[in-house]
Amino acid sequence: MKPLFKAIAAASITLTAGYVAAFQPAVVYDTAGKFDKSFNEAVFRNGVEPFNADKGVVVREFEPQNEEQRTQSLRRLAQQGASPIVAVGFNFSSSVEQVAAQFPNTQFAIIDSVVDLPNVQSIIFAEHEGSFLVGALAAMATESNVISFVGGMDIPLIRKFACGYEQGAKYVNSDVRYIQNMTGSTPSAFNDPARGSELANSQITQGSDVIFAAAGGTGIGVYQAAADAGVYAIGVDSNQNYLQPGTMLSSMVKRVGVAAYQTWEESLNGEWEGGIKVLDLAAGGVDWALDEFNEDLVSAEMQSRMAEIRQAIIDGEIQVHDYSSNNSCDY
Amino acid sequence: METFVTIILILDAMLRNATPLIFAAMAGMFSERSGIVNIALEGKILISAFAGAATAFVTGSPWMGLLAGILATIVFAQLHAFATVTHNGDHVVSGLAINILAAGLTAALGNYWFGQGGNTPNLVNRAEELNARFQPITLPLADWANQNIPYLGYIYFELISGHYVLVYLAFAAVPLCWFILFRTRFGLRLRAVGENPQAVDTAGISVTKIRYAALLMCGILVGFSGVYLAVALTAQFSPNMSAGKGYMALAALIFGKWRPRPTLIACLLFGFLQAIADRSQGAEVFGMAVPVQLVEALPYILTVVLLGGFIGRAVAPKAIGKPYVKERE
């Protein structure tokens, strides 16, 4: 019995070893789900799908249904030999920290958070720069001179969006009035469209006619309320202009999908490195979206002004204050 | 004038926020008054929101959505009755099972049918001329009153007019529920079943039938709640969109001591606090910014504090949570 057991054990070890050698990229989405029309969907549409098509390698995907599954899913994927594993969202910080320490030979990447381990690539975006751009656009488009912001969960990352947006608006027009609302203080704040529409309604009745939502699935309700009231809304993460054509002024695009794609590609080519990777406006990590759904809303004059501001940020002539640098918005 | 407008707008938001709570709390009243603990309200809201949005999208009619939402919750409520009444199952466990089933089933079916990760497609689509959503109702003379009558005209225009039909139905449902529960023979029997099922049984009335009927009423009422969320307030279903409203409704029901009018007031209070929370962010009190978390937690804190010290004892129906088993000796 014993030799047999040993043989099986040995065989399974070699099998696992063989398994590890194969290139197996993986992604774990956040609990908002793969099709949130926003953050996670951007990873799927611009990262997973093109990678599958371009490289002929199927990226393994996992959608955790609750908080407990975050660590479990990462650990299971690592055990099965997946690498690099991209964890989508700051909610994974502690899970990645834990699992990456246990599997030092597996490559991990985390989006929107920093985990200081050699086998983790921390991908962060300069959301404040992208938000500055849409804030500037909002200030150009507003007629009531009141603009507003709906955030998801009240965390520094979301305040970073809010702060950039406010700065952009005040840069174009220092008299503009700015209203800000956060949906909640739990992750479910990213998935409460009814609350989003209620917050948007409240801002509209306070005079706002451009609403920027950085709130994941909650944003869907914000855009709907804006469309109902005939005021502008600005999308986030993915290009969401198509959601409510005619009232979506633009979207603050965060190229999370491209970032995920890059990390898999680097690993495939053997160029993968751990550490912090900052994707800013200059690196194409963030931008504002102009496509067939909103080109009628943004005049040529506005477009050229936007191009100027964009260039000024890239050249460093405009310094956008980053909320997360000192946890306050005193620009 | 500006303060006046703000107050009216907050009250207006209160009505919108309270509507799903009112339907769900009234639904809970029927079930709890008959002795069945109903923590499954949350899951039932979700089911009706999904069935409502999916059907409204496919048929293009919000009314068909409403019908489907109600039918779906009736099925789930009867399933709940089957577990708790026929099989004497534990009410909390079966209620929880329904919540979990609802959360999983809606997302799974939604993904299978529409391929958008559990979301249903948007019910308003200008390109395809689809508008399967309830529209707000403007009451007669609302615009005229707003322009010609100071204050009262504005109240009529903003607060009373311009809501979805389901909002008006919610307020109509409360006296109706009161009448059924407290002025009809069925209501008397239903309440008796919740207090002392043995006595009812001795009088020759079937406890089982009454409880099934109570959950039928519960299913109908809670159906409105979910459809309101998905087909009126927003224009699509998204997974877990009930976001705790079923539990809030249950808290309102207990807060209201299982009586229609106090329960309505509790729902309005919760809606009011929510409306305040939505507006008070960033506001300053005594020079300090009000933390979002505090405002958000207010309904819950208030429930605990008020229940604990101010409104006195909330006495639940006596036989609540106890399966009724006939003596067989």
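Predicted model: local features only at pLDDT ≥ 70, side-chain atom pairs only at ≥ 80, totals over all residues.
In chain A, domain 1 is made of 18-125 plus 257-279, while domain 2 takes 127-253 plus 299-326.

Now go inside. The largest nonpolar core has 96 residues, and A:Ala138, A:Ile211 and A:Val222 are those with the most contacts inside it. Its top contributor is helix H5 (residues 127-141) of chain A, which gives nine residues. Both domains of chain A take part in this core, with at least three residues drawn from each. Pick out A:Val222 and look around: among the residues it touches are A:Val150, A:Gly196, A:Leu199, A:Ile211 and A:Ala233, leaving aside residues up to four places away in sequence. Apart from this core lies another one, of 91 residues, including B:Ile10, B:Leu190, B:Leu253 and B:Ala266.

Next, the strands. Chain A has an open sheet of six strands, in the order E7-E6-E8-E9-E10-E12, and the pairing is mixed. Why is one side of strand E7 (177-184) and of strand E12 (286-288) of chain A left without a neighbour in the sheet? These two strands stand at the edges and each has a single partner strand, so there is no neighbour on one side of each. On average, neighbouring strands of this sheet are turned by 15° against each other, direction ignored.

Zoom in on one pair. Strand E6 (residues 146-153) of chain A runs parallel to E7(A), and the two pair over seven bridges. You can trace some of the partners yourself: A:Ile147 has A:Tyr178 in E7(A) as its bridge partner, and A:Val150 has A:Asn181 in E7(A). E6(A) is mostly covered, with seven of its eight residues buried.

A few backbone spots deserve a stop. A:Ser83 and A:Pro84 are joined by a cis peptide bond, with omega about -10°. You'll find A:Pro84 in the loop between helix H3 (68-79) and strand E3 (85-88) of chain A. Then there is A:Asp237, whose phi is near 70°, a positive value in a residue other than glycine. A:Asp237 belongs to strand E9 (residues 232-237) of chain A. Is A:Asp237 buried or exposed? It counts as buried because it has 28 C-beta neighbours inside 10 Å, and the cut-off for that is 20 or more.

Over in chain B, B:Asn88 also has a positive phi, near 50°. B:Asn88 sits in the loop between helix H3 (62-86) and helix H4 (91-114) of chain B. With 12 C-beta neighbours inside 10 Å, B:Asn88 counts as exposed.

Last stop: the place where the chains meet. Here 25 residues of chain B are in contact with 25 residues of chain A. On the chain B side, helices H1 (2-33), H10 (207-233), H12 (260-280) and H13 (292-310) each supply at least two residues. H1(B) gives the most, with four residues. This side of chain B divides into nine nonpolar, 12 polar and four charged residues.

Note on methods:
Residues numbered from 1 in each chain as written. Chains lettered and ligands numbered in written order. Core = buried A, V, L, I, M, F, W, Y, C linked by C-beta atoms within 7 Å. Domains from an automatic or database assignment. Contact = placed C-beta atoms within 7 Å. Nonpolar A, V, L, I, M, F, W, Y, C, P; charged D, E, K, R; others polar. Pairing = 2+ DSSP bridges. Axes fitted to C-alpha atoms, helices over the stretch in contact; angles between N-to-C directions.
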